[in-house]
Amino acid sequence: MGFEDLQHNFLTGRIEDLVKWARRNSVWPATFGLACCAIEMMSVGAADYDISRLGMEVFRASPRQADLMVVAGRVSQKMAPVLRQVYDQMMEPKWVISMGVCASSGGMFNNYAIVQGVDQIVPVDVYAPGCPPSPETLLHAILTLHEKIRTGEITRRPGTSVPAGEQATGGWVPTVPDAVRVATPR
Amino acid sequence: MTETTPNASTAGTTAAIHPEVPRLADRLVDQLAFPHRDTYHQMVSAFRDVGFELCADVCAVDYLTHPGRTLPAGVTPERFEVVVNLLSMSMRQRVRIRVQVPESDPSVDSIVDVYPGADAMEREAFDLMGIVFAGHPDMTRILMPEDWEGHPLRKDYGVGRVPVQFKEAPGPR
Amino acid sequence: MDQYLPILILGLLGLAFTVFSLFSSALLAPKKKPTAAKLAPYECGIVPGIEPPQRFPVRFYLVSMIFIIFDIEIVFLYPWAIVFHQIATFGLIEVIVFAAVVFVSFIYLISNGALTWGPPKTLQSGMPSRTSESTITRISASPPTPGEAA
Amino acid sequence: MSEHDDREQAEIGLEDTERAHREAEERALVAETSEGAQELMPRGTTSAGELRQEVGAVLRLPEGGYVDPGDIDIDRRDDQTMIINMGPQHPSTHGVLRLMLELDGETVLRTKPIIGYLHTGMEKTGEELTYVQGATNTTRMDYLSPLHNELVFSLATEALLGVELPPRAVWIRMLMAELNRMSSHLMWMATNGMDLGSTSMMIYGFREREMVLSFFEKTTGLRMNHNYIRPGGVAADLPDGWQDDVEVICETVLARTYEYDELLTGQPIFRERTEAVGNISAEEALALSVTGPILRSTGVPWDLRRTMPYLDYNKLDFDVIVGSYGDNFDRYSVRLNEIRESIRMVRQIAEMMPPGDYRVQDRKVTPPPRARIDESMEALIHHFKVFTEGFRVPEGEVYVAIESPRGELGCYLVSDGTSKPYRMHIRAPSFVNLQALPLLLRGGLMADAVAVISSVDPVMGEVDR
C-alpha cells in the first residue's frame, strides 16, 4: 500500500482546499435587489429554482454577514455611492456577481441616469447576461463563481515577492476602482 | 381667452355599462382647458368645487423643438407647458388643463393646497424640467441626486449617451 | 475522584473550541487595514450625518428588566434540576413557590405597561372578527342608473 | 525634559493631524451618500409647510387657515427623538426606497420618502425610441406587471393613430393583462407574507407565480419584460392548446387562494399586525390622489375597468372589490379577492375568445408575416420600413389610463408627426401612492411601518421611471 494508492481524502487534502471548499459551499448573498433582476433573484431563492441546495439559502440583509453581493438591476447615479458604501462594508472575502445587462454594461439605458457598467464602481467576479437573466442563467453564474473560488488562489507560493503597493494577503485582494460617482458626458 | 368653464351640464356622458359603450378612440376627446398662468390656480379650485375629486397627474412638456402644435386661437404658444390631469369620479370624466409657461420665467402657482397629492408630481416637474411651483412647501429635487446640475428632460439637455466602444476597452483592472 | 474526569475533559474541550474559533478567523481571514468606510456605522447604505442621540426611552430598559428576572430564575433551576431526585416532592413545591414569587414581579411589570408599546389601536373597539370576505362588498356589473354617485 | 516634551508635542501634533485626517475622511464619506435638502431635517430647521407634509396632515385647511408648527409639534423635544434611515438597501422596502423616519422610541412621528435611487431616465429614452420600440422601454417600468405598461403605451399610440384593432387582439390583450394581474397580486401575497413573518407564504406565492410565468414564457417567449403587446395588436398568436394551460392555472390558483386564506386570515399574529394598522379614510385618499386597491379599501368603488372601460372590459361580468375600514387587512382582502375575480374573468375570456387576426392588417403599422417577405417585394419594403424607421403617428396629444394592479396607470403621449414620440409621460400609480406613507405611518410602530410599506405595494421601477 504505497503512498500512491492513497486516494485524495480529508487527510491528504491541503488546508487551502479545505478553506476554499468551506467558503464555496456557504456563500451568503446580500439582498441587493435593485430592479427587474431582483424579482428573478427572488424566484431563484424561492421553491422552484432553490439556491439553498448550493448553501446560499439565507439572504443576509446587512453586509456585515454577507459574502456575495449580487448587483441585480440597473445602478443609477444616485445609487452608485450607496452601492460602493455597502460593498466597502462587506467583510472579506467577498465576491460580486453583476446580474443582468443593465448592471454589466448599462444595458438598453445608455443615458445620463445609469452608470454604464457596475465594474466602474466595484470589482466584479462574474457577469450574468440576460434582461432579466432567467433563473437558470443566474444559477449558472453562481456555479461559475463557485468554480472561480475553487480554483482561486489564497496562499502565496513561497518565493514569489509581494508586488509593490499591495498588502501581503495572498492573491486574493481585488483592486477596487476609486471612482464613486461616474460622470457621464452631458 | 377660450376657457371651457366647468359646468355640471357637460357632465352627462356617464359610461353606462351597456355593450355599446363608445369605442375608446372616440371617447378620448377629453375636456381641454387653456387658462392663462394667472387664472390657472383659480380654475383648478373651480374644477375641484364642481366635482373633480382627484388630481391624476401633473407633468411638464418642453416644446422647444416642436413649436407648431395645434392650440386654440388666442393661446400664445410658449416653450414650456404644464399639463394637469383632473379626474371626476361622480361625473366619470377627465379634464386636461394645459398652462403655457414662458422660458424667461419658468414658474407657475402650485396647486398643493387644492390637491395635496400633486406635491410629489410638482417636485418631479421641477426636478426634470426646471419649472418652479410658487407656494410649494418643499421645492427640492426628487429623482436626481442633490448636486446634479441641469434639468434632464429639457430638449436642449443631451441624452448623455456613452459612445459604445467597439475596440478592446481597457478594463478597470 | 474519577467521576470528575469527564467534567474536566468537557471543560477543556469547551475551552479549546472557543479559543480555536476565536483565533481561526484571525488565522484564515485576509488581513486588511479597516478603511474608514468599513468602520462607518451601517445604516442601509447611507453614512448618517446626524449623530444618534444618547438618550433612549425608558421602555427599552423595562424590557431588559423582564429578561433579567427570568434569566436569574433559570440560573437557579440548574442546581435544582441536578438534585431533583433527592429532594422529590419538597423540591417540587419549593420550586413552584420560587417561580410564583418571580412571576409576581412579572405581573407588576406588565401592569405598569412595560409591554404595551405604541399607539392604542384606534379601530379596535367594536371590530367584529373579520375574515377576508366579511369586510368587503362586491359591486357586480348591473347597469347603474346614470349619474350614480361614487 | 524639553526633548521629552517635544516628542510629546510631536505625538500630539501627529495625533491631531491623524484625527483631522480621519474626520475629513469621515465628512467626505457622509457627503457622498447624503442628499442634502431632500433629507428629513431636525424639526428646528424644517418649514411649517414641509413639516405638515412629513407629518401627513393632508386634509384641506379651512380657507385662510394658518398652520402654526406648535400644534403639529409632537410633545417630544428634539433631542429625545431619533432620525434614522430605512434606507435604499433594506429587506422590507421592496426595492430601493429610502424612508427617513423620526422615531420616539419605537413610535414613528415623521416620515419622508426619498426616491430616485432607481431613476433610469426612461422618459428621456422614450423620446429616443420609435413607436415600435417604445413598448420595450415602458415594459421595464413596473416589472411586476410589465404587460400593463405595454398595454397603456400601445393604447395611447393606437388612440393617436385612430387605428381599429381586430377583436381577437383586444381579447388576447385582456387575457394577458388579467393573468399579469394575478401574477402581480400573487407576488404581493408572497412578499407581504414574508414581511409579516410568514416565510412559507413567500414560497407558496412564488410557486403559483411560476405557473403563470411559464404560460407567459410559452406565449411571449420571456418570463418578464415581454414586449408582447405592441402598437397595432400583439406580437404572436396564442400557442395551440392554450385553453387547457389557462384552465389548469385558474383551477390551481383558485384552490390555492383558499389555502392562503386558511394560512393567513385566521392567524392571530397576522390579524394583530394588519387590523387597524395604516388607516386611511376616503377623503384623505382622494386628497392624496391615491388610486387602486388602497383607494378601494377605503370604500370608494373606483375601478377603471368598470367605470371607464377600455378594451372590452364592459363585456365581462366581474365584481369590483371594495373594503370598508381602509386598513392593512382590507387591502389584503381586496387583493386576495381580486385574484379570484381575475380568475373569473380569465375563464370568461377563454370561452369567448373570438377567432381572426391577432394584429391590425394595415401594413403601415404592423410588419407583414415573416413568410410573406420572401414572396413579395412590397412586403419586404413594409417589413424594412416598420422596423427601421417605424410608422408615423399624426400630430396630437392623448392621455389614456388603465387599471394596473397598483392603481391608475396613465400614459400621456405627445406626438409631433414624426415616428418618435415627442413626449411620453407615464402616470405611475406607485409614485403617487407612495406619497401617502407619511399619513399611513404616523403614530404607528416601526414594525407597523414594515407592514404598511408592503401593503402599499410600491414598485420602485415605476416610482423612479
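The legends below describe close-up views of a predicted model.

**View 1. Helix α2 of chain A and its surroundings.**
Helix α2(A) spans residues 36-45. Ten of its ten residues are buried, so the helix is largely enclosed by the rest of the structure. The buried residues include A:C36, A:C37, A:A38 and A:I39 at one end of the list and A:V44 and A:G45 at the other. The cover over these residues comes from two chains: it includes β2 (68-72), β3 (95-99) and α5 of chain A, together with α8 (199-220) and α20 (460-464) of chain D.

**View 2. The crossing of α2 and α5 in chain A.**
Helix α5(A) covers residues 135-151, and its axis comes within 9 Å of that of α2(A), with a crossing angle of roughly 75°. Angles of 65 to 115 degrees count as roughly perpendicular, and the two helices are therefore roughly perpendicular to each other. On the α2(A) side the contact is made by A:E40, A:M41, A:S43 and A:V44. On the α5(A) side A:P135, A:L138 and A:L139 take part. Sorted by class, this contact has five nonpolar, one polar and one charged residues.

**View 3. Strands β2 and β3 of chain A.**
β2(A) and β3(A) run parallel and are joined by five bridges. Within this pairing, A:M69 has A:V96 of β3(A) as its bridge partner. Strand β3(A) is mostly covered, with five of its five residues buried. A:W95, A:I97 and A:M99 point one way from the strand, whereas A:V96 and A:S98 point the other way; all are buried.

Chain A has an average pLDDT of 82, and 82% of the residues score at least 70. Over residues 179-186 of chain A the pLDDT is below 50. Beyond near neighbours in sequence, this stretch has 20 contacts in the model. Where pLDDT is low, the predicted coordinates should not be read in detail.

**View 4. The interface between chains C and D.**
Contact between the two chains involves 49 residues of chain D and 35 residues of chain C. The side of chain D that touches chain C draws at least two residues from each of α1 (2-33), β1 (82-86), α9 (242-265), β6 (320-322) and α14 (328-351) of chain D. By class, that side has 20 nonpolar, 17 polar and twelve charged residues. Strand β1 of chain C (residues 137-139) is joined to β6(D) by three bridges, and these strands run antiparallel. In this pairing, C:T137 stands opposite D:V322.

**View 5. The sheet β7-β8-β9 of chain D.**
The three strands form an open sheet in the order β7-β8-β9, with antiparallel pairing. β7 (396-404) and β9 (421-427) stand at the edges with a single partner strand each, so one side of each is left without a neighbour in the sheet. Neighbouring strands are turned against each other by 15° on average, direction ignored. Nine bridges join β7(D) to β8(D), the latter covering residues 407-415. D:V398 has D:L413 in β8(D) as its bridge partner. Helix α6(D), residues 146-161, lies across β7 and β8 of chain D and runs at about 150° to β7(D).

**View 6. Helix α2 of chain D and the residue after it.**
In α2(D), which covers residues 48-55, the residues D:E50, D:R52, D:Q53, D:E54 and D:V55 are buried. The helix is followed by D:G56, which has a positive phi near 85°.

Note on methods:
Residues are numbered from 1 along each chain as its sequence is written. Chains are lettered from A and ligands numbered from 1 in the order in which they are written. This is a predicted model: local features need pLDDT of at least 70, side-chain atom pairs count only at pLDDT 80 or more; totals for chains, interfaces and linings use all residues. Axes are lines fitted to C-alpha atoms, for helices over the stretch in contact, and angles run from 0 to 180 degrees between N-to-C directions. Helices (H or I, at least four residues) and strands (E, at least two) are DSSP runs, numbered from the N terminus. Angles under 35 degrees count as roughly parallel, over 145 as roughly antiparallel, 65 to 115 as roughly perpendicular and the rest as oblique. Two residues are in contact if their C-beta atoms, placed from the backbone, lie within 7 Å. Ala, Val, Leu, Ile, Met, Phe, Trp, Tyr, Cys and Pro count as nonpolar, Asp, Glu, Lys and Arg as charged, and the others, Gly among them, as polar. Two strands pair if DSSP finds at least two bridges between them. pLDDT is the predictor's confidence in each residue, from 0 to 100. A residue is buried if 20 or more other C-beta atoms lie within 10 Å of its own, exposed if 12 or fewer, and partly exposed in between; C-beta atoms are placed from the backbone.
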